[in-house]
Amino acid sequence: QVQLVESGGGLVQAGGSLGLSCAASGSRFTISAMGWYRQAPGKQRELVATITRSGSTNYADSVKGRFTISRDNAKNTVYLQMNSLKPEDTAVYYCNARLLFAQFDYWGQGTQVTVSS
């Protein structure tokens, strides 16, 4: 029903910035919240940031103050601006969408973010 397409991943040096975008498309859906999760090799997928339609945000402590999540409800798009990147931020970043009254979440295929020293 919903497809999520991420873009903006890449390679950046420590201290640099990178912006991610995720656009949701499909038919007959209303998004309750969108967010970003990440998974580093050998580690469990973890929450990075989420945002509701009203604009309420939540951030992982590890990224608070450095990352900013935003959204454009009309475009069904969520963004993640990542500043002051650290090597520890290296991971595959996955877009997530939670629909109203949904039984499960939707996930994008992920985009690689690599932060070099």
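Among contacts in the chain between residues at least 6 apart in sequence, what percentage join residues at least 24 apart? The figure is 53%. Keep that in mind as we go through the chain. One caution before we start: this is a predicted model.

Let's take the overall layout. The chain has zero helices and 11 strands. Read along the sequence, the pattern is β-β-β-β-β-β-β-β-β-β-β. The C-alpha trace spans about 45 × 25 × 20 Å along its principal axes. Now the radius of gyration. A compact globule with 117 residues would have a value near 13 Å, and this chain has 14 Å, so the two agree. Of the 117 residues, 38% are buried.

Next, how do strands pair? Start with E1, residues 2-7, and E3, residues 18-26. They pair in the antiparallel sense, over six bridges. Glutamate 6 has cysteine 22 in E3 as its bridge partner. E3 also pairs with E8, which covers residues 77-82. That pairing is antiparallel too, over six bridges. Here alanine 23 stands opposite threonine 77 in E8. One general point for your notes. In a regular strand, side chains alternate between the two faces of the sheet.

Now look at arginine 38. Its place is in strand E4, residues 31-39. Is arginine 38 buried or exposed? It is buried, because its relative accessibility is 5% and the cut-off for buried is under 20%. Its side chain makes a polar contact of 2.9 Å with the side chain of tyrosine 93.

Alanine 91 is buried, at 3% relative accessible area. Leaving aside neighbours within four places in sequence, alanine 91 is in contact with Arg38, Gln39, Ala40, Thr111, Gln112 and Val113. Threonine 52 is 39 residues from alanine 91 along the chain, and their C-alpha atoms are separated by 24 Å.

On to the aromatic rings. How many aromatic pairs does the structure hold? Two. One of them joins tyrosine 37 and tryptophan 107. The geometry is edge-to-face, with 5.0 Å centre to centre and 65° between the planes. Where do these two residues sit? Tyrosine 37 is in strand E4, and tryptophan 107 is in strand E10, residues 106-107, so the pair ties together parts that are 70 residues apart in sequence. Tyrosine 37 is buried, at 14% relative accessible area. Tryptophan 107 is partly exposed, at 34%.

Then there is phenylalanine 104 with tyrosine 106. Their ring centres are 5.1 Å apart and their planes are at 55°, so this pair is tilted. Why tilted rather than edge-to-face? Because edge-to-face needs planes over 60 degrees apart, and this pair has 55°. Tyrosine 106 counts as buried, at 14% relative accessibility.

Last topic: backbone angles. Most residues other than glycine have a negative phi. Which way does arginine 28 go, positive or negative? Its phi is positive, about 50°, although arginine 28 is not a glycine. Arginine 28 is found in the loop between E3 and E4. It is exposed, at 86% relative accessible area.

Serine 84 also has a positive phi, near 50°. Serine 84 is in the loop between E8 and E9, and E9 covers residues 91-99. Serine 84 is partly exposed, at 41% relative accessible area.

To wrap up, go back to the opening number. Among contacts between residues at least 6 apart in sequence, 53% join residues at least 24 apart. When you open the model, find arginine 38 in strand E4. Then look for its polar contact with tyrosine 93.

Note on methods:
Residues numbered from 1 in each chain as written. Predicted model: local features only at pLDDT ≥ 70, side-chain atom pairs only at ≥ 80, totals over all residues. Heavy atoms only, no water. Helix = DSSP H or I, 4+ residues; strand = E, 2+ residues; numbered from the N terminus. Buried < 20%, exposed > 50% of the residue type's maximum accessible area, 1.4 Å probe, protein only. Polar contact = N/O pair within 3.5 Å; in protein donor to acceptor, adjacent residues only side chain to side chain. Phe/Tyr/Trp six-rings, centres within 6.5 Å; stacked < 30°, edge-to-face > 60°. Pairing = 2+ DSSP bridges. Rg over C-alpha atoms; globule rule 2.2 N^0.38 Å. Contact = heavy atoms within 4.5 Å.
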